[in-house]
Amino acid sequence: MLAKLRFSQAVLFSLMTIPAMAAEFLPMKEPRLTEEQGREQLAAFAQTWHNRREWEARARNIRESILREAQLTPLPSRCGLNPIIWGKQERKGYTIENVAFESLPGFFVTGNLYRPTEGKGKRAGILCPHGHGPRARFNEATQTRCALLARMGAVAFAYDMVGIGDSTQLVHTNAHGVTLQLWDSIRALDFLTSLPEVDARRLGCTGESGGGTQTFLLGAVDNRLAVSVPVVMVSAHFFGGCRCESGLPIHHSDTHDTDNAEIAALFAPKPQCVISDGKDWTKNVPQVEFPYIQSVYRLYRAADKVENVHLPDEGHDYGPSKRAAMYRFMAKRLRLNLKGVTNSDGTIDESDATVDPKTLEVFNNEHPRPTYALKDEAEVVQALEQAKARKRGTGS
């Protein structure tokens with residue numbers, strides 16, 4: 001049994017002593033604290049900074065440590081995306097296309113691109129990583145939010161976790177899940193911004209559960225992201241039960257100690273909406289995690305840019321009320337057309353927003369993965385290391 005941490009809020013804790021203490025109580029094989037331990041650890045983090053200068057020094061260390069422990073230091077050299085786009089479906093107010101592109105030479109990110117058919121001018125671009133739920137990218141919740149965002153005027157991209165859906169070059173439980181998923185998210189932003197209709201100043205990301213982890217990790221390390229909506233994953237005591245979220249020591253190392261609430265706070269002062277519920281590890285967000293995040297935003301006089309939508313009677317999903325909160329926040333912050341998807345009674349019209357999942361598959365017998373695709377984990381890791389070596393060689 002984990003021993004109970006006893007932190008005093010009146011005592012200052014240095015950044016160097018906390019990691020050693022946390023390592024004893026938070027082995028990576030079980031990335032979980034008790035609720036009280038998470039609360040006390042977050043209070044200890046708050047004692048390590050007292051002004052914006054001190055916070056920014058801490059934030060810089062956390063960002064650098066996340067990338068280092070995710071084995072993304074240096075970031076790999078960017079290869080050509082070489083996008084494959086096919087299977088266009090015409091829907092009411094939007095289209096769907098099946099997409100693959102290379103995040104590393106021969107390693108493919110797979111997903112679906114939703115584009116609006118109404119309106120003119122540059123579009124916001126929104127990444128939609130999925131969680132670990134059934135059918136993942138193909139499920140009703142993922143399809144619906146992407147379709148609605150497109151009807152609101154955004155270009156939305158839903159993409160597979162490594163080892164799920166069409167991403168079958170590795171199994172999902174591979175040891176490099178954190179590395180590859182974070183890199184895939186960075187390259188997914190590259191893909192969105194490569195589209196001529198996407199406004200690179202209006203980029204958002206929203207996902208639930210494991211997709212929530214991808215959302216706030218991307219926001220922490222890539223400053224191109226303008227709006228973040230992590231759903232049911234910002235917690236001080238639970239860091240994700242999958243190797244793709246906590247299989248590498250991105251929360252604890254010899255030089256840093258953090259949690260998901262603090263990683264979300266790294267997004268300050270840009271607009272962020274944290275969505276939580278009462279029946280999973282985000283049940284304490286209004287009392288524990290959100291006040292900490294708010295305190296960081298206040299350093300920038302930007303408390304009005306961060307929100308928490310808490311649904312105490314709901315559970316761990318990306319259901320209609322959570323999606324409605326996200327639509328409203330994205331519309332406000334990315335200048336989207338919410339009226340176009342709103343009924344006369346003020347509810348969101350999510351009708352006719354899904355298609356047969358089979359039609360969303362990127363690779364099949366008629367459209368096989370290219371023959372030069374990497375075949376196994378060893379080849380993918382080799383490609384990753386070669387890309388990092390190329391980056392070192394360029395000195396940039």
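This tour visits a helix pair and then a cavity in a predicted model. Residues are numbered from 1 along each chain as its sequence is written, and side-chain values use heavy atoms, with hydrogens and water left out. Local features need pLDDT of at least 70, side-chain atom pairs count only at pLDDT 80 or more, and totals for chains, interfaces and linings use all residues.

**First stop: helices 3 and 9**

Select residues 52-69, which form helix 3, together with residues 289-299, which form helix 9. Helices here are DSSP runs (H or I, at least four residues), numbered from the N terminus. The two pack at an angle of about 120°, and their axes lie 9 Å apart. Next, display Arg52, Trp55 and Arg58 of helix 3 with Tyr292, Val296 and Leu299 of helix 9, which make the contact (heavy atoms within 4.5 Å). These residues comprise 4 nonpolar, no polar and 2 charged.

**Second stop: the cavity**

The structure holds 1 cavity of 30 Å³ or more. A cavity is a set of points on a 1 Å grid over the protein atoms alone where a 1.4 Å probe fits but cannot get out; lining residues have an atom within 4 Å of a point. To find the largest cavity, select Val178, Gln181, Leu182, Gln214, Leu217 and Cys244, which line it. Helix 5 (177-194) and helix 6 (210-221) each give two or more residues to this lining, and helix 5 supplies the largest share, 3 residues. The lining divides into 4 nonpolar, 2 polar and no charged residues.

Technical notes:
Axes are lines fitted to C-alpha atoms, for helices over the stretch in contact, and angles run from 0 to 180 degrees between N-to-C directions. Ala, Val, Leu, Ile, Met, Phe, Trp, Tyr, Cys and Pro count as nonpolar, Asp, Glu, Lys and Arg as charged, and the others, Gly among them, as polar. On a 1 Å grid over the protein atoms alone, a cavity is a set of points where a 1.4 Å probe fits but cannot get out, and a pocket is an open set with protein on both sides within 12 Å along at least five of seven lines; lining residues have an atom within 4 Å of a point. Grid points are joined across faces, edges and corners, and a volume is the space filled by probe spheres set on the points.
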